[in-house]
Amino acid sequence: MTQQIPDTHAGKAKHPLAIRWFHWLNFPILSLMIWSGLLIYWANDTIYTFPEWFYERTHVAFRLSEGMSYHFLLMWLFALNGICYVAYTIVSGEWRELVPGKGALMQAFQVVLHDLGIRKEPLPVAKFNAAQQIAYTGVVLMGLGSLLSGMAIYRPIQLSFITQALGGYTAARFIHFALTVGYVGFFFMHVGQVIKAGWPNFRAMVTGHE
Ligand code: HEM
């Protein structure tokens with residue numbers, strides 16, 4: 001007699017293996033990019049001055065060259081991981097689920113009303129709702145912005161066309177900094193939504209299946 005083992009992993013994965021790898025690799029890479037960026041930022045904190053206790057607690061003072069070494073090494077991984085992710089979504093067709101379509105802003109507004117408990121009607125069934133599409137496509141564009149503004153301040157002479165296109169060195173530096181603040185904001189919103197969505201949603205990003 002053959003024993004029937006329930007196959008909980010049957011069917012197509014919600015998140016393909018490649019996406020899960022790109023996603024989770026991005027987390028340590030981005031965290032280290034932000035940390036090494038802070039080591040650099042401390043040496044010339046003109047855009048926004050953090051309070052002294054922040055520098056003391058994070059131990060970022062007098063570590064400029066260390067920060068530059070890490071930052072300029074990890075930027076290649078960040079770029080490569082991002083390029084692979086975007087290339088994969090294009091080749092696999094996953095982009096169709098991710099890129100916001102017509103009327104996405106209005107639909108995203110309805111998602112917000114729904115999440116706040118103001119709108120009672122159920123949301124349309126889709127892998128990603130319009131708010132997620134905007135957030136996920138937005139964060140990829142932010143990644144592109146970080147790469148471009150980073151290149152603009154890394155090689156302002158050789159890549160002066162990028163620096164000029166972004167409004168000059170100071171503006172490029174501001175954009176680079178503002179995007180970093182944006183990641184921190186995205187992170188808290190994203191993790192908050194993941195906690196709200198529950199365990200099966202999180203598990204799907206780890207194992208592929210809910
Ligand atoms: C501890 C940190 C993180 C956790 C727990 C987490 C968790 C998740 C989960 C569960 C999903 C699937 C969402 C769904 O099915 O609706 C997801 C998707 C996504 N997350 Fe995260 N995430 C983290 C960090 C990040 C970071 C740092 C970024 C980028 C800055 C990011 C960008 C994305 C993107 C773009 C997607 C959509 C992926 C796709 O299917 O193509 N996440 N995340």
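**The shell around the ligand**

Reply: Of the 210 residues in the protein chain, 13% are buried. The model is a predicted one, and the protein chain has an average pLDDT of 93, with 95% of the residues scoring at least 70.

The chain is built from nine helices and zero strands, so that its elements, read from the N terminus, follow the order α-α-α-α-α-α-α-α-α. Along the principal axes, the C-alpha atoms of the chain fill a box of roughly 70 × 45 × 40 Å. Among contacts with a separation of 6 or more, 64% are between residues 24 or more positions apart.

Now to the ligand. There are 21 residues around the ligand, and those that come nearest are Y136, V139, V194, F202 and M205. Two or more residues of this shell are given by each of α1 (17-42), α6 (130-154), α8 (169-197) and α9 (199-207). The most come from α8, which gives six residues to the shell. By residue type, the shell around the ligand holds 15 nonpolar residues and six polar ones, and no charged residue.

One stretch of the chain calls for caution. Over residues 1-8 pLDDT stays under 50, and the model has one contact beyond four places in sequence for these residues. Where pLDDT is low, predicted coordinates should not be read in detail.

Key. Residues numbered from 1 in each chain as written. Predicted model: local features only at pLDDT ≥ 70, side-chain atom pairs only at ≥ 80, totals over all residues. Near = placed C-beta within 6 Å. Helix = DSSP H or I, 4+ residues; strand = E, 2+ residues; numbered from the N terminus. Nonpolar A, V, L, I, M, F, W, Y, C, P; charged D, E, K, R; others polar. Buried ≥ 20, exposed ≤ 12 C-beta atoms within 10 Å, placed from the backbone. Contact = placed C-beta atoms within 7 Å. pLDDT = per-residue confidence, 0-100.
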